[in-house]
Amino acid sequence: MKRAVFKNRRLPYLLVLPQLAVTLAFFFWPAFESLRLSFFRTSPFGDKRLFIGLDNFRKLVVDPEYYRSILNSFVFASGVTALALGTGLFVAALATQKVRGLAMYRAAVLWPYGIAPPVAGIIFLFIFHPSYGVLPYWLSFVTAYEFNWLLKGWVAMALVVVATAWTHVGYNIAFFLAGLLAIPASVLEAASVDGAGPVRRFRSIVFPLLSPITFYLLVVNMIFAFFGAFGVIHAVTQGGPSRATEIMVFKAYKDGFIGLNLGSSAAQSVVLMVVVIVLTALQFRFVEKRVTY
Amino acid sequence: MAADGAVAASARVEALGGAATMRRRWSLGWGAFVVHALLLLSVAVIAFPLYYAFVISTQTLQEVITRPPILRPSTNLLPNYVEAWTRSHMTRLLWNSGVVAVVSAVGKVTISMLSAFAIVYFNFRGKSLAFWLIFVTLMLPVEVRIMATYEVIGNLGWLDSYAGLTVPLMASATATFLFRQFYRTVPNELVEAAQLDGVGPLRFLWAFLLPLSWANIAALFVVLFIYGWNQYLWPLMITNTEAMRVVVIGLEDLIPRTGTHIPEWNVLMAAAMMALLPPVAVIVVMQRWFVKGLIETEK
């Protein structure tokens with residue numbers, strides 16, 4: 001469709017100027033700087049710089065701690081995504097089972113999205129507290145195993161995963177509900193007339209129709225877990241115990257801000273940039289598909 | 001599952017020529033009971049952490065460390081909240097968070113509206129470049145450009161300032177997309193009629209588009225308010241003084257680290273309730289806008 005337009009030579013530039021100024025100053029310039037810094041060795045106070053080519057990257061490639069942080073990131077992101085998506089789909093599927101009170105249930109599960117991940121982390125820190133928390137207490141009836149996140153890396157990981165997933169489950173429910181309600185009731189009814197049971201209906205009709213949304217949410221949850229969850233780690237575990245929860249974003253921050261190793265931190269930022277670009281490209285393949293129908 | 005038996009039964013009635021009024025009949029009986037039970041269980045599981053945090057925030061230190069844990073509210077609410085409020089300088093923290101959330105949300109909405117307006121209603125050289133530059137910001141979250149952004153803010157002299165806390169948050173590809181999509185649904189006739197009457201572009205934006213956009217603005221504002229309130233890495237980096245700290249970061253000082261402190265979890269939980277109440281209240285009160293905002297920005 002051809003749109004009617006206004007004719008003015010200067011005005012459109014003035015209108016996009018604020019947005020572009022912020023974008024260039026705080027997005028492009030820093031991203032470009034990160035890229036440039038990653039080829040230099042910089043003294044801790046930034047006064048001296050030495051070009052060293054790909055040395056920062058070479059060091060990362062042979063650094064076992066970096067591999068550890070990559071692994072941690074993937075464990076963390078998959079854990080958060082699986083938990084938040086699984087719970088979200090479960091609750092949304094239940095709420096659309098033609099029962100009364102859909103709006104009420106939705107209101108009752110949506111609000112955790114308002115809780116900042118670090119605040120959620122602090123709440124779960126107490127729930128997991130080895131001496132006072134309610135979870136280790138309950139578990140002590142089942143097993144003698146000591147669920148102490150200060151000593152056991154995987155417990156610390158579980159703590160941050162659950163806290164992060166908790167804040168994101170409402171988001172997923174909102175999207176799954178929208179998707180489920182868009183499935184025409186007649187299709188499902190026709191299937192049940194043909195004798196398809198609930199599981200069969202879910203598997204052959206609901207799930208395929210929902211798959212674009214699921215895929216979109218998968219990517220969004222991954223991005224969120226990779227980047228948005230910095231606060232949980234920083235506020236709760238500080239990457240510990242013994243680096244068990246040190247995810248890539250946290251390591252980039254720590255090496256740069258605390259370790260003052262600017263070159264390595266910049267190189268890690270560049271790797272992270274590649275990760276977001278890949279994830280965002282995936283996300284947009286979905287958006288494009290949706291736009292076509 | 002019996003629930004689906006009931007659904008299937010009503011579907012069959014309909015298939016056999018049942019009245020259209022049967023369509024929206026709720027299923028009753030065992031099936032519905034099971035579904036409700038599972039839903040209530042899910043709600044309980046999701047609500048439990050917040051309930052527990054609230055319970056702890058009402059207990060005395062003695063009750064907090066008792067075994068078995070006490071899972072019902074107690075009577076120490078007021079002293080805990082007063083202690084949390086004074087010890088963490090809560091007035092300042094909440095004020096700062098509020099400023100960051102409101103200013104960054106208003107700023108984002110404003111500059112996104114303007115740039116989307118330029119992109120939809122004008123033809124100008126470099127239009128696709130501008131669009132592309134805005135779009136690519138999606139791929140550059142704060143986390144991937146931390147050190148360098150810190151430098152830029154430092155050079156501008158914006159460390160420990162509201163400008164530093166809010167302006168860099170104001171660029172938003174998603175908000176720009178949302179307005180672009182919306183403007184495209186506005187019928188051409190409206191623009192043409194306005195032009196015939198000699199209405200200029202700025203007046204068109206102000207008097208025609210803005211009133212039509214309120215629903216989108218409200219939806220976007222809710223989502224952006226929460227986003228701004230819950231920022232963490234950004235304020236952590238660029239503020240060093242206590243006076244400029246936001247509440248999500250201020251909480252950290254109250255965490256009783258093992259061994260060294262009195263385990264005042266009740267005070268910490270009281271502070272946590274204060275930090276989470278504003279954004280959660282916004283979601284609850286403006287739920288309809290919130291859902292619309294979430295789904296339409298697809299951020």
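Helices (H or I, at least four residues) and strands (E, at least two) are DSSP runs, numbered from the N terminus. The model is predicted, and local features are reported at pLDDT of at least 70 and side-chain atom pairs at pLDDT 80 or more, whereas totals for chains, interfaces and linings use all residues. Residues are numbered from 1 along each chain as its sequence is written, with chains lettered from A and ligands numbered from 1 in the order in which they are written.

The C-alpha trace of chain A spans about 75 × 75 × 30 Å along its principal axes. Of its 293 residues, 47% count as buried; a residue is buried if 20 or more other C-beta atoms, placed from the backbone, lie within 10 Å of its own, exposed if 12 or fewer do, and partly exposed in between. Among contacts in chain A with a separation of 6 or more, 72% join residues 24 or more positions apart, a contact being a pair of residues whose C-beta atoms, placed from the backbone, lie within 7 Å. Chain B has 16 helices and zero strands. Buried residues form 45% of the 299 residues in chain B, and 74% of the contacts in chain B with a separation of 6 or more link residues 24 or more positions apart.

The two chains meet through 82 residues of chain A and 92 residues of chain B. Helix α1 (residues 11-37) of chain A supplies the largest share of the side of chain A that touches chain B, with 19 residues. By class, that side of chain A holds 64 nonpolar, 13 polar and five charged residues. In this classification, Ala, Val, Leu, Ile, Met, Phe, Trp, Tyr, Cys and Pro count as nonpolar, Asp, Glu, Lys and Arg as charged, and the others, Gly among them, as polar.

The largest nonpolar core comprises 170 residues, and those with the most contacts inside it are Val119(A), Leu159(A), Val249(A), Ala271(B) and Ala272(B). Such a core is a set of buried Ala, Val, Leu, Ile, Met, Phe, Trp, Tyr and Cys residues joined through C-beta atoms within 7 Å. Its largest share, 16 residues, comes from helix α7 (residues 153-181) of chain A. Because domain 1 (2-57) and domain 2 (87-297) of chain B both give residues to this core, it lies between them; the domain bounds come from an automatic or database domain assignment. Beyond its neighbours within four places in sequence, Ala271(B) is in contact with Ala84(B), Ser88(B), Met90(B), Leu251(B) and Leu254(B).

Helix α7 of chain A also contains Ala156(A), which counts as buried because it has 23 C-beta neighbours inside 10 Å. Residues up to four places away aside, Ala156(A) touches Trp149(A), Thr237(A), Gly240(A), Pro241(A), Ala244(A) and Thr245(A). The C-alpha atoms of Ala156(A) and Ala244(A) are separated by 7.5 Å, although the two residues stand 88 residues apart along the chain.

In chain B, helix α2 (residues 30-57) has 28 residues and reaches 39 Å from its first C-alpha to its last, close to the expected 40 Å. A kink of about 45° lies at Phe48(B) in this helix, shortly before Pro49(B).

The peptide bond from Arg67(B) to Pro68(B) is cis, with omega near -10°, and Pro68(B) lies in the loop between α3 (61-64) and α4 (77-87) of chain B. Gln238(A), in the loop between α10 (230-237) and α11 (248-258) of chain A, has a positive phi near 55°. With 12 C-beta neighbours inside 10 Å, Gln238(A) counts as exposed. Asp160(B) likewise has a positive phi, about 55°, and is found in the loop between α7 (146-156) and α8 (162-166) of chain B. Asp160(B) is partly exposed, with 15 other C-beta atoms within 10 Å.

Definitions and conventions: The expected span of a helix is 1.5 Å times one less than its number of residues. The bend at a residue is the angle between axes fitted to the seven residues ending there and the seven starting there.
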